[in-house]
Amino acid sequence: MDLSQYADLFLAESREHLSACNQLLLEWERAPASHAPVAGVFRAVHTVKGMAATMGYARVTDLAHRTENLLDLLRRGARPATDELLQLLFRARDALERAVELSVVGREDELDVAEVVADLDRADLDRAATQVAGAGGGGGGGGGGGRGRAIPVQDAPPVGEAAPPPVTPGAAGRLVQVTLRSEAPLKGGRALLVLKKAQALGPVHSVTPAPAAFEAEDFDGRFSFRLDAAAPPAEVERAVRAAGDVDHVSVGGGGVEVRPAAPGAAPLEEPVPPKSRHIRVDLRRLDGLMDLIGELVTARGRLNQVAAERRDPAIDDVAIHISRLSSDLQAEIIQARMTPVWQVFDRFPRLVRDLARELGKQVAFRVEGKEIELDRAILDELGDPLLHLLRNAVDHGIEAPAERRRHGKPPEGEIVLAAVRERASVAITVSDDGRGIDRARILERARREGVVDAHADALSDDQLLRVLARPGFSTAEAVTSVSGRGVGIDVAATRVRALGGSIDIRSEPGKGTVFVLRLPVTLAIVRALIAGVGKERYALPLTYVAETVEFSAQATTTVEGREAIVLRDRVVPLVHLRQLLGVAGDPPLRAPVIVLEMGERRAGLVVDGMLGQHEIVVKGFDAPQGTLPVFSGATIMGDGIPALILDAGGLL
């Protein structure tokens with residue numbers, strides 16, 4: 001049986017358990033006397049060890065086993081959870097993550113964990129003295145005494161791939177019936193490991209169902225085999241349970257007939273585990289489905305246009321029915337791609353903690369809105385911008401404990417990463433209660449480098465962000481491993497804009513800084529307002545459209561050198577799209593104004609006309625050199641002619 005097919009599943013499961021280790025270790029560090037975190041870490045590491053043993057990744061198994069030995073001492077109270085030991089466990093967890101990643105791609109030999117292993121061994125030197133005779137400190141299935149060396153799984157004899165011999169009445173060997181835990185991961189691989197453990201006692205045959213059936217999705221973890229061994233039943237049971245995740249073992253005598261269960265017969269194990277309602281799907285399949293539904297949306301637009309031209313009731317009925325079905329299918333596929341933000345957010349508590357220790361700062365990190373969902377494609381791109389903003393918050397924002405005390409603040413600073421749903425978008429904020437941004441210092445440096453006008457005497461929030469987001473601009477006096485190269489805010493702003501979102505900043509000296517990232521919920525298919533300028537059409541995502549009004553030259557005013565209108569006592573600056581794009585010809589006498597809104601910012605986009613609302617499929621757009629930065633993508637309209645998608649952030 002080929003275990004390589006389980007590699008991706010093993011990797012996904014291991015990442016989840018190791019991510020949980022991070023969260024539990026951080027919780028344990030905050031409350032060293034608590035018993036719940038150490039028990040959770042122990043279970044997670046034990047599960048990774050079992051899965052690695054199933055896959056035959058001996059070095060992962062060994063490293064997890066040594067980590068498990070130390071955790072066992074700590075959970076039994078044989079050693080106190082000192083800061084030094086917690087640091088060692090953080091390092092062991094990181095080493096396990098590297099080991100898992102390398103093992104899955106067949107590069108286990110490149111793994112260098114000698115230093116971590118040596119430290120784990122030193123921490124475990126008194127293990128033999130603290131163990132009670134016969135207790136076995138590795139925690140179920142881990143086994144191992146002395147220094148806790150794990151037995152390499154690949155040394156066990158392989159299970160034959162040939163079809164097992166037919167089960168006949170009076171077949172030789174002892175009948176062994178096994179039921180795996182319903183929640184056990186990699187059930188097929190775990191069943192194979194059970195057979196390998198049993199083979200250490202004697203020949204195994206008459207496996208029912210056949211090993212090939214272990215790979216089936218409906219394999220429920222129940223199987224039986226015959227074992228030619230004189231070992232007592234207790235020894236056979238111990239060997240089988242050593243594989244881990246075994247719920248029930250029944251060891252019978254020899255010569256018992258084994259037949260497939262007759263209709264209505266009792267199952268091997270009375271409680272039948274419920275069928276799982278969740279399956280793992282390769283992201284590439286979801287991407288393929290999204291591409292197909294995108295093509296279907298384009299074809300639907302064409303069909304609707306043809307139906308409108310023909311005015312045939314039969315075609316209208318078909319078009320309406322297909323539109324409804326495709327809309328339902330589109331909604332289901334988009335929902336399948338939605339992923340809670342905690343899958344990205346959960347990596348940051350550890351990062352903030354490590355960076356704060358490196359810089360000698362005390363930081364409390366809080367995450368809010370972890371259940372908010374975003375399209376997986378957006379979420380995958382969100383990691384880097386948040387990483388840079390959090391590093392800036394720890395390095396530039398939060399003050400050293402002594403400085404905070406001098407200003408009457410608690411020595412521990414606070415950083416909050418929060419997500420909240422806003423209409424058809426999601427707002428993600430990174431805030432700190434640190435020193436804030438010194439606008440005078442930024443202005444002085446910006447003048448010196450020619451970034452702003454030499455006569456400017458203040459920076460608004462928008463101007464501040466534009467200055468900070470310039471490539472290479474940094475307020476750090478020296479380049480360090482954390483900051484100083486002037487790429488953090490630039491990377492964050494560029495990536496967020498590429499995702500069709502916007503970034504805002506608010507900062508107050510002595511009170512802190514807030515960065516707000518606003519992102520669409522999905523990028524693939526969006527509802528857009530189609531506007532016309534000259535002979536061209538442009539799409540504007542409705543997410544950022546607040547309202548539309550009619551443009552009147554008599555109602556305009558001038559504010560800070562810009563044309564604007566006053567809308568319900570609020571000044572809204574205007575952008576004439578015809579002038580911006582250099583379209584020749586005279587504008588129409590009556591023109592609509594599309595009022596755009598992103599956070600606190602507003603602007604009115606003057607166009608020649610509005611052509612309706614459509615759902616559009618967003619395609620990537622590589623703008624030619626010199627193109628204005630006001631386009632975020634392109635789409636194909638129902639008539640097959642492409643149209644550019646306007647970037648609301650660039651227009652604002």
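Which residue stands opposite Arg-226 in β3? Select His-205: that is the residue opposite Arg-226 in β3.

Before going on, a word on the ground rules. This is a predicted model, where local features need pLDDT of at least 70 and side-chain atom pairs count only at pLDDT 80 or more, while totals for chains, interfaces and linings use all residues. Residues are numbered from 1 along each chain as its sequence is written, and side-chain values use heavy atoms, with hydrogens and water left out.

**Stop 1: the whole protein**

Show everything as a cartoon. The protein has 19 helices and 22 strands. These are DSSP runs, numbered from the N terminus: helices are H or I with at least four residues, strands are E with at least two. Of the 652 residues, 46% count as buried. Buried means under 20% relative accessible area, exposed means over 50%, and partly exposed is in between, using a 1.4 Å probe and protein chains only.

**Stop 2: strand β3 and its partners**

Select residues 222-227. This is strand β3, and five of its six residues are buried. Six bridges join β1 to β3, and the two run antiparallel. Two strands pair if DSSP finds at least two bridges between them. Find Val-178: it stands opposite Phe-223 in β3.

β2 and β3 pair in the antiparallel sense over three bridges.

Stay in β2 and pick Ser-206. Its phi is positive, about 55 degrees, although it is not a glycine. Most residues other than glycine have a negative phi, and most peptide bonds are trans. Ser-206 is buried, with a relative accessible area of 6%.

Move on to Pro-209, in the loop between β2 and β3. The peptide bond from Thr-208 to Pro-209 is cis, with omega near -5 degrees.

**Stop 3: rings**

Show the side chains of Phe-214, Phe-219, Phe-223 and Phe-225. Ring pairs link these four into a cluster. Rings of Phe, Tyr and Trp (its six-membered ring) pair if their centres lie within 6.5 Å; planes under 30 degrees apart count as stacked, over 60 as edge-to-face and the rest as tilted. By this rule the count is six aromatic pairs. One of them is Phe-219 with Phe-223, a tilted pair at 6.4 Å centre to centre, with 45 degrees between the planes. Both residues, Phe-219 and Phe-223, are buried.

Two arginines also deserve a click. Arg-75 lies over the face of Phe-42, at 3.7 Å from the ring centre. Arg-353 lies over the face of Phe-90, at 3.9 Å from the ring centre. A charge sits over a ring if NZ of Lys or CZ of Arg is within 6 Å of the ring centre and within 35 degrees of the ring normal.

**Stop 4: a five-stranded sheet**

Which strand order does the open sheet of five strands have? Trace β6-β8-β9-β11-β10, with mixed pairing. β6 (362-368) and β10 stand at the edges with a single partner strand each, so one side of each is left without a neighbour in the sheet.

Select β10 and β11. They pair in the antiparallel sense over seven bridges. Ser-502 has Arg-518 in β11 as its bridge partner.

**Stop 5: helix α17**

Select residues 488-498, helix α17. Its buried residues include Gly-488, Ile-489, Ala-492 and Val-496. What covers the buried residues of α17? Elements in contact (heavy atoms within 4.5 Å) include α13 (376-397), α16 (461-468), β10 (502-508) and β11 (512-520). After α17 comes Gly-500, whose phi is positive, near 80 degrees.

**Stop 6: helix α9 and just beyond**

Pick Arg-302 in helix α9 (residues 283-310). At 38% relative accessibility, Arg-302 is partly exposed. Arg-302 and Asp-639 are 337 residues apart in sequence, yet 5.7 Å apart in space, C-alpha to C-alpha.

Last, click Arg-311, in the loop between α9 and α10 (313-337). Is Arg-311 buried or exposed? Arg-311 is exposed, with a relative accessible area of 70%.
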